[in-house]
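Below is a short briefing on one protein model, arranged by topic.

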Amino acid sequence: MLIKTPRGWEIPESQATPEDLFHSRRAILKGMGFAGAAGLLPSAMHGAAADESLYPAKRNTKYTLDRPLTAEAIATGYNNFYEFTLDKGQVRHQVDRFTIDPWKVKVSGLVNNPKTYDIDDLVRRFPLEERLYRFRCVEAWSMAVPWTGFPMSALLKEVDPKPEAGFIKMVTAFRPREMPGILSQPHYDWPYQEALTLDEAMNELALFCTGLYGKPLPKQNGAPIRAIMPWKYGLKNIKSIVEIEVTKKRPPTLWNKAAPTEYGWYSNVNPKKPHPRWSQAQEKLLALGPGGSFMYSMRPTLMYNGYEAFVSEIYDGSEY
Ligand code: MTE
């Protein structure tokens with residue numbers, strides 16, 4: 001199979017270098033067709049399957065931010081979801097044909113209680129909560145986002161991994177007829193696949209998310225269910241999950257397989273480990289500027305994205 005070195009997460013070096021504090025960054029979105037905050041109607045983008053009565057869920061105040069929440073129009077209008085398009089501003093316009101009702105999530109592999117959940121049961125089975133998390137893409141932009149979801153550990157405890165289990169593999173829906181990016185980018189090894197060690201998945205921070213900004217997850221953000229691990233680069237946070245398999249062997253992941261020197265299997269946020277083509281020491285925190293333009297402020301990247309106290313005990317520092 002032909003694997004083309006992916007270019008998608010790249011940003012020009014000029015954008016990755018520290019610059020003065022606040023820049024107007026209309027240019028960052030040039031060509032993405034972003035109409036401004038007023039042009040977005042996030043409520044129209046939710047999946048039909050979602051039960052709006054479950055949102056907003058009660059906020060878990062244990063998880064706090066050191067920065068303002070990012071505007072909803074940015075988080076729902078500037079997306080990476082390659083199954084639709086590489087153009088971040090166009091993802092939300094490409095998701096119409098993607099059906100999320102009905103939706104099932106199959107949990108299999110080395111578990112004592114394999115199950116296939118219907119999404120409507122899943123969102124009621126494990127209590128939903130809202131958490132404010134930092135979100136850091138490997139491309140060096142960042143946001144601060146209110147997710148709604150439930151701990152991965154709750155689901156894993158129910159399916160009960162066997163003693164020899166060591167990893168979980170997560171797989172995105174593969175629907176070429178509904179996801180135009182799959183057909184236009186055949187060089188990627190679809191379906192999108194991600195994985196965690198069982199220790200990582202059992203960490204209290206790791207969530208399966210079904211909501212965003214107190215509403216059901218929009219399709220462009222991974223409806224009806226996605227993974228969120230805030231100490232890892234965004235690429236690990238796999239969207240629109242249909243399958244979870246508990247395994248003994250470490251599962252391959254799409255980006256690590258395609259470009260192992262650029263996207264580590266662990267992909268933990270690490271300011272000291274540069275991407276081959278740009279530094280990770282700083283990040284660009286996105287914000288809405290005048291007239292719906294995008295701005296960003298440069299900030300130092302924090303080890304494990306600021307979640308060191310929660311996750312450092314599961315690592316020895318050599319993970320990449
Ligand atoms: N999941 C799937 N299935 N396909 C993708 O292309 N992109 C990843 C991640 N999950 C991606 C995915 C990347 S690189 C990032 S930064 C985040 O989704 C973006 O999530 P957001 O659009 O909700 O900000």
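The lining of the largest cavity is made up of 14 nonpolar, 6 polar and 3 charged residues. The model is predicted, and its largest cavity holds about 290 Å³ of space. Of the 23 residues in that lining, Asn80, Phe135, Arg226, Gly234 and Lys239 are the closest to the centre.

**Cavities and pockets**

- Searching the whole structure gives 2 cavities of 30 Å³ or more.
- Strand 5, residues 141-151, supplies 4 residues to the lining of the largest cavity, which is the largest share.
- The second largest pocket contains about 220 Å³ of space.
- This second largest pocket has 20 lining residues, and those nearest its centre are Tyr233, Asn268, Asn270, Lys273 and Tyr320.
- By class, 9 nonpolar, 8 polar and 3 charged residues line the second largest pocket.

**Confidence**

- The average pLDDT of the protein is 88, and 85% of the residues score at least 70.
- Residues 1-45 have a pLDDT below 50, yet in the model this stretch makes 107 contacts beyond near neighbours in sequence.

**Cis peptide bonds**

- Tyr55 and Pro56 are joined by a cis peptide bond with omega of about -10°.
- Pro56 sits in the loop between strand 1 (22-24) and helix 2 (72-75).
- A cis bond also runs from Trp190 to Pro191, where omega is near -5°.
- Pro191 belongs to the loop between helix 6 (180-184) and strand 7 (193-197).

- Asp160, which is not a glycine, has a positive phi near 65°.
- The loop between helix 5 (152-159) and strand 6 (167-172) holds Asp160.
- With a relative accessible area of 32%, Asp160 falls in the partly exposed class.
- Ser240 is likewise not a glycine, and its phi is positive at about 45°.
- The position of Ser240 is in the loop between strand 10 (226-228) and strand 11 (241-247).
- Ser240 has 0% relative accessibility and therefore counts as buried.

**Aromatic rings**

- The whole structure contains 23 aromatic pairs.
- In the pair of Tyr78 and Trp141, the ring centres are 5.4 Å apart and the planes meet at 70°, so the arrangement is edge-to-face.
- This pair links distant parts of the chain, with Tyr78 in the loop between helix 2 and helix 3 (91-94) and Trp141 in strand 5, 63 residues apart.
- Tyr78 and Trp141 are both buried.
- Tyr117 and Phe126 also pair edge-to-face, because their planes stand at 65° with ring centres 6.2 Å apart.
- Tyr117 is buried, as is Phe126.
- One aromatic cluster consists of Tyr78, Phe135, Trp141, Trp147 and Phe294.
- Phe135 in this cluster is also among the residues closest to the centre of the largest cavity.

- Thr197 is part of strand 7.
- Its relative accessibility is 14%, so Thr197 counts as buried.
- Apart from neighbours within four places in sequence, the contacts of Thr197 are Gly166, Phe167, Trp265 and Tyr266.

- Is Leu69 buried or partly exposed? Leu69 has a relative accessible area of 36%, so the residue is partly exposed.
- Residues up to four places away in sequence aside, Leu69 touches Leu132, Ala144, Val145 and Pro146.
- Leu69 and Pro146 are 77 residues apart along the chain, while their C-alpha atoms are separated by 7.6 Å.

Key. Residues are numbered from 1 along each chain as its sequence is written. This is a predicted model: local features need pLDDT of at least 70, side-chain atom pairs count only at pLDDT 80 or more; totals for chains, interfaces and linings use all residues. Side-chain values use heavy atoms; hydrogens and water are left out. On a 1 Å grid over the protein atoms alone, a cavity is a set of points where a 1.4 Å probe fits but cannot get out, and a pocket is an open set with protein on both sides within 12 Å along at least five of seven lines; lining residues have an atom within 4 Å of a point. Grid points are joined across faces, edges and corners, and a volume is the space filled by probe spheres set on the points. Helices (H or I, at least four residues) and strands (E, at least two) are DSSP runs, numbered from the N terminus. Ala, Val, Leu, Ile, Met, Phe, Trp, Tyr, Cys and Pro count as nonpolar, Asp, Glu, Lys and Arg as charged, and the others, Gly among them, as polar. Buried means under 20% relative accessible area, exposed over 50%, partly exposed in between (1.4 Å probe, protein chains only). pLDDT is the predictor's confidence in each residue, from 0 to 100. Contact means heavy atoms within 4.5 Å. Rings of Phe, Tyr and Trp (its six-membered ring) pair if their centres lie within 6.5 Å; planes under 30 degrees apart count as stacked, over 60 as edge-to-face and the rest as tilted.
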